[in-house]
Amino acid sequence: MEFSLRVVEVDDNFPNTIKLKGDVEATLELPLDKIGVRLAAGDQVKLVIRKEKDGDLSQYRIYMWGLVYHVGGGVTRIS
């Protein structure tokens, strides 16, 4: 699944909380300074969710791999 999203808010806490809206709404927690990525309100991002790890990481600025631990009430939580 791929979603086109717009950054609507980035807080200054550690890790940063990034709120995204577009095809879906998503909230991410990432240490942006530590991974060398800058995001600001209005930036466009693409969120890709796959069942398996991607072998070609060169196509991503940020790559995270996790497990879905909750689906319900219109919310999916990934750790």
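This is a predicted model: local features need pLDDT of at least 70, side-chain atom pairs count only at pLDDT 80 or more; totals for chains, interfaces and linings use all residues.

Q: Great, pockets then. How much space lies in the largest pocket?

A: The largest pocket holds about 1,700 Å³ of space.

Q: How does anyone find empty space like that?

A: A probe the size of a water molecule is rolled over the atoms, and that shows where empty space is left.

Q: How many residues line the largest pocket, and which lie nearest its centre?

A: There are 43 residues in the lining, and L28, L47, I49, M64 and I78 are the ones that lie nearest the centre.

Q: Which elements give two or more residues to that lining?

A: Those are β1 (2–10), β3 (25–30), β4 (44–48), β5 (68–72) and β6 (75–78). The largest share comes from β3, with 6 residues.

Q: How do the lining residues divide into nonpolar, polar and charged?

A: The lining has 23 nonpolar residues, 7 polar ones and 13 charged ones.

Q: OK, new topic. How many salt bridges does the structure hold?

A: It holds 2 salt bridges. One of them is formed by the side chains of K46 and E2, at 3.7 Å from N to O.

Q: Where in the chain do K46 and E2 sit?

A: K46 is in strand β4 and E2 is in strand β1, so this pair links distant parts of the chain, 44 residues apart.

Q: And why does K46 count as exposed?

A: Because its relative accessibility is 58%, and the cut-off for exposed is over 50%. E2 counts as partly exposed, because its value is 48%.

Q: Which residue forms a salt bridge with R50?

A: That's D54, and the closest N and O atoms of the two are 2.3 Å apart.

Q: Why is D54 called buried with 17%?

A: Because buried means under 20% relative accessible area, and D54 has 17%.

Q: Where does D54 lie?

A: D54 lies in the loop between β4 and β5.

Q: What does the side chain of D54 make a polar contact with?

A: One partner is the side chain of Y60, at 2.6 Å. A polar atom of the D54 side chain also lies 2.9 Å from the backbone nitrogen of D56. Then there is Q59, whose side chain is joined to that of D54 by a polar contact of 2.9 Å.

Q: Leaving aside neighbours within four places in sequence, which residues is D54 in contact with?

A: With those neighbours left out, D54 is in contact with Q59, Y60 and Y63.

Q: Tell me about Q59. Where is its place?

A: Q59 is in the loop between β4 and β5. It is partly exposed, with a relative accessible area of 47%. Not counting residues up to four places away in sequence, Q59 touches R50 and D54.

Q: How far apart are Q59 and L30?

A: They are 29 residues apart in sequence, and their C-alpha atoms are 19 Å apart in space.

Q: Let's switch to D43. Where is that one found?

A: D43 is in the loop between α1 (32–35) and β4. D43 is partly exposed, with a relative accessible area of 29%.

Q: What does the side chain of D43 reach?

A: It reaches the backbone nitrogen of A40, at 2.8 Å. Leaving aside neighbours within four places in sequence, D43 is in contact with L5, R6, V7 and R38.

Q: Last topic: which peptide bond is cis, with omega near -10 degrees?

A: The one from F14 to P15. P15 has its place in the loop between β1 and β2 (16–22).

Q: What are most peptide bonds?

A: Most peptide bonds are trans.

Q: And N16, is that buried or exposed?

A: N16 counts as buried, at 10% relative accessibility, and its place is in strand β2.

Q: Which backbone nitrogen lies 3.0 Å from a polar atom of the N16 side chain?

A: The backbone nitrogen of L32. Setting aside neighbours within four places in sequence, N16 is in contact with several residues, among them V10, D11, L28 and D33.

Technical notes:
Residues are numbered from 1 along each chain as its sequence is written. Side-chain values use heavy atoms; hydrogens and water are left out. On a 1 Å grid over the protein atoms alone, a cavity is a set of points where a 1.4 Å probe fits but cannot get out, and a pocket is an open set with protein on both sides within 12 Å along at least five of seven lines; lining residues have an atom within 4 Å of a point. Grid points are joined across faces, edges and corners, and a volume is the space filled by probe spheres set on the points. Helices (H or I, at least four residues) and strands (E, at least two) are DSSP runs, numbered from the N terminus. Ala, Val, Leu, Ile, Met, Phe, Trp, Tyr, Cys and Pro count as nonpolar, Asp, Glu, Lys and Arg as charged, and the others, Gly among them, as polar. A salt bridge is a side-chain nitrogen of Lys or Arg within 4 Å of a carboxyl oxygen of Asp or Glu. Buried means under 20% relative accessible area, exposed over 50%, partly exposed in between (1.4 Å probe, protein chains only). Contact means heavy atoms within 4.5 Å. A polar contact is a pair of N or O atoms within 3.5 Å; within protein, one must be able to donate a hydrogen and the other to accept it, and residues adjacent in sequence count only if both atoms are side-chain atoms.
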